[in-house]
Amino acid sequence: MNISLRNRTDETVKIYFEKANRPEIKKVLPQKAQTVEEALEDYRASLLLGAGSYGRTIYIDENYIGDIWCYCIDVHEEPSAMLSYCIFEKTYWSQGVATEAVMMFLKEIQDRYKLRTIGAFTFSENLASIRVLEKNGFDVIEEFSEDGKNSKYFQYAY
């Protein structure tokens, strides 16, 4: 199984939007964009110089199976960002794919942005995501409840 991170395109953004809006994904990963047009607009904004977000697609061999991205990128004073990821193809859940993709992406964004820390939020019930973060060296910083959902904030220090 060959995992690779590749460039996002208009086409992958459309595929991601469709697949990430399935109920089993939305349950554990809220989506900012409410329409495919909003998703495309956010993606195109990420291509601009000085953009506050950066993303990649996750492939297994030649199969597009998910996305990984950072947002709220701040390269000043205390360089930091937030991390999010989604494997939308269920056949690849619980196989270590997200863990490896996060490891690869952390290295890439460190090289690109010289970050000192990266944070990540997840719902407390999303045990798979919690395991991915812990395996990659993230520590729980805070636990909280928002809109009736228990969540955790993790942080990774380079």
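Tutor: Begin with burial: a residue is buried under 20% relative accessible area, exposed over 50% and partly exposed in between (1.4 Å probe, protein chains only). F144 has a relative accessible area of 23%, so F144 is partly exposed. Note that this is a predicted model, in which local features need pLDDT of at least 70, side-chain atom pairs count only at pLDDT 80 or more, and totals for chains, interfaces and linings use all residues. Residues are numbered from 1 along each chain as its sequence is written, and side-chain values use heavy atoms, with hydrogens and water left out.

Student: Which rings count as an aromatic pair?

Tutor: Rings of Phe, Tyr and Trp (its six-membered ring) pair if their centres lie within 6.5 Å; planes under 30 degrees apart are stacked, over 60 edge-to-face, and the rest tilted. The count by this rule is ten aromatic pairs. One of them joins Y54 and Y113: the centres are 6.0 Å apart and the planes are at 70°, so this pair is edge-to-face.

Student: Where do Y54 and Y113 lie?

Tutor: Helices (H or I, at least four residues) and strands (E, at least two) are DSSP runs, numbered from the N terminus. Y54 is in strand β2 (residues 54-60) and Y113 is in helix α4 (residues 97-113), so their pair ties together parts 59 residues apart in sequence. Y54 is buried, at a relative accessible area of 12%, and Y113 is buried, at 16%.

Student: How are the rings of F121 and F144 arranged?

Tutor: F121 and F144 form an edge-to-face pair, with 5.8 Å centre to centre and 85° between the planes. F121 belongs to strand β5 (residues 117-123) and F144 to strand β6 (residues 139-146), so the pair ties together parts 23 residues apart in sequence. F121 is partly exposed, with a relative accessible area of 47%. Ring pairs also link Y16, Y59, Y64, W69 and F88 into a cluster.

Student: How do helix α1 and helix α3 cross?

Tutor: Axes are lines fitted to C-alpha atoms, for helices over the stretch in contact, and angles run from 0 to 180 degrees between N-to-C directions. The axes of α1 (residues 10-20) and α3 (residues 36-46) come within 9 Å and cross at roughly 135°. Angles under 35 degrees are roughly parallel, over 145 roughly antiparallel, 65 to 115 roughly perpendicular, and the rest oblique. α1 and α3 are therefore oblique to each other.

Student: Which residues of the two helices meet?

Tutor: Contact means heavy atoms within 4.5 Å. From α1, D10, V13, K14 and F17 meet V36, A39, L40, Y43 and R44 of α3.

Student: What does N136 touch?

Tutor: Leaving out residues up to four places away in sequence, N136 touches T99, V102, M103, L106 and Y156. N136 sits in the loop between α5 (127-135) and β6, and is buried, with a relative accessible area of 10%. The C-alpha atoms of N136 and V102 are separated by 7.3 Å, although the two residues are 34 residues apart along the chain.
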